[in-house]
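Please look at the sequence and structure first.

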Amino acid sequence: MLKNPRKLMLAGLLLACVCARVAGQEVLDRIAARIEDEVILLSEVRGLSRYQKFVDGKSETDAQILDRLIDQWVVRSEAESSRFPRPSDADVQRSVGQLKKSFASPTEYEARKKESGLTDGDIQSMAAAQLYLSNYLDSRFRPAVQIDSKAVEDYYQNGVVVRAKARGQEPPTFEASREYIQEFLIQQGINEEADRWLKESRGRIHVEILLDAGAK
């Protein structure tokens with residue numbers, strides 16, 4: 001079965017596109033980086049680390065998280081400059097619901113939430129920020145991604161069928177898989193376009209990294 005393409009994006013850039021200032025966390029006023037006339041605080045790095053642990057059970061290094069937060073700044077700045085609409089409350093709640101379903105059980109969800117120190121309000125705020133940025137990237141780059149029928153057929157034969165047989169399972173039919181494969185490949189293309197755009201954009205902004213070299 002194909003993974004949810006939205007969830008695939010969360011594993012890459014779009015997992016980093018989260019507002020990491022968590023209610024009740026220790027306020028650290030050390031500056032981790034300066035971007036143009038704004039700053040990223042160490043508390044934001046720590047907050048995203050908590051969120052990564054909540055979602056995946058582990059987090060990246062501080063340096064990797066800071067790099068993601070810089071990407072977040074670029075995307076958010078572009079989205080706000082274009083007056084891109086914020087997601088509706090219903091869309092945010094739907095996103096939170098999908099996150100809950102990614103856990104094995106409600107008990108695991110609550111346990112991981114408690115371990116991370118996040119509240120329901122924190123998670124909802126993060127989901128809203130993440131959804132805003134992922135929607136912007138989708139809107140900006142989806143029109144440029146073209147997937148032909150051969151690419152869909154190739155992925156079915158070389159991906160879906162091969163994996164199903166390796167597991168000793170009967171693969172789903174091509175017709176049943178077509179729509180999911182199409183969307184999966186589109187999301188791959190969006191990620192590739194977004195990655196190229198971010199690299200170009202970061203070359204045009206001034207970034208000063210102040211995070212300690214010895215950070216974890």
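In this predicted model, helix 4 and helix 7 are roughly perpendicular to each other, because angles of 65 to 115 degrees are counted that way and their axes cross at roughly 70°. The two axes come within 10 Å, and helix 4 passes helix 7 in a left-handed crossing.

Which residues meet where helix 4 and helix 7 touch? From helix 4 come Gln-72, Val-75, Arg-76, Glu-78, Ala-79 and Glu-80, and from helix 7 come Tyr-132, Leu-133, Tyr-136, Leu-137 and Arg-140. Sorted by class, this contact holds 6 nonpolar, 1 polar and 4 charged residues.

The next topic is the interior. In soluble globular proteins, nonpolar side chains tend to be buried together. Here the largest nonpolar core has 39 residues, and Phe-54, Leu-66 and Trp-197 have the most contacts inside it. At least two residues of this core are supplied by each of strand 1 (31-35), helix 3 (42-56), helix 4 (62-81), helix 5 (89-101), helix 7 (120-141) and helix 9 (174-202). Apart from this core lies another, of 9 residues, including Val-152, Tyr-156, Val-160 and Val-161.

Beyond its neighbours within four places in sequence, Phe-54 is in contact with several residues, among them Leu-99, Phe-103, Tyr-109, Leu-118 and Ile-123. Arg-112, Lys-113 and Ser-116 are also in contact with Phe-54.

Finally, the whole chain. It has 9 helices and 3 strands, in the order α-α-β-β-α-α-α-α-α-α-α-β along the sequence. Of its 216 residues, 40% are buried. Among contacts between residues at least 6 apart in sequence, 77% join residues at least 24 apart.

Definitions and conventions. Residues numbered from 1 in each chain as written. Predicted model: local features only at pLDDT ≥ 70, side-chain atom pairs only at ≥ 80, totals over all residues. Heavy atoms only, no water. Core = buried A, V, L, I, M, F, W, Y, C linked by side-chain atoms within 4.5 Å. Buried < 20%, exposed > 50% of the residue type's maximum accessible area, 1.4 Å probe, protein only. Helix = DSSP H or I, 4+ residues; strand = E, 2+ residues; numbered from the N terminus. Contact = heavy atoms within 4.5 Å. Axes fitted to C-alpha atoms, helices over the stretch in contact; angles between N-to-C directions. Parallel < 35°, antiparallel > 145°, perpendicular 65-115°, else oblique. Left-handed = near helix turned anticlockwise from the far one by under 90°. Nonpolar A, V, L, I, M, F, W, Y, C, P; charged D, E, K, R; others polar.
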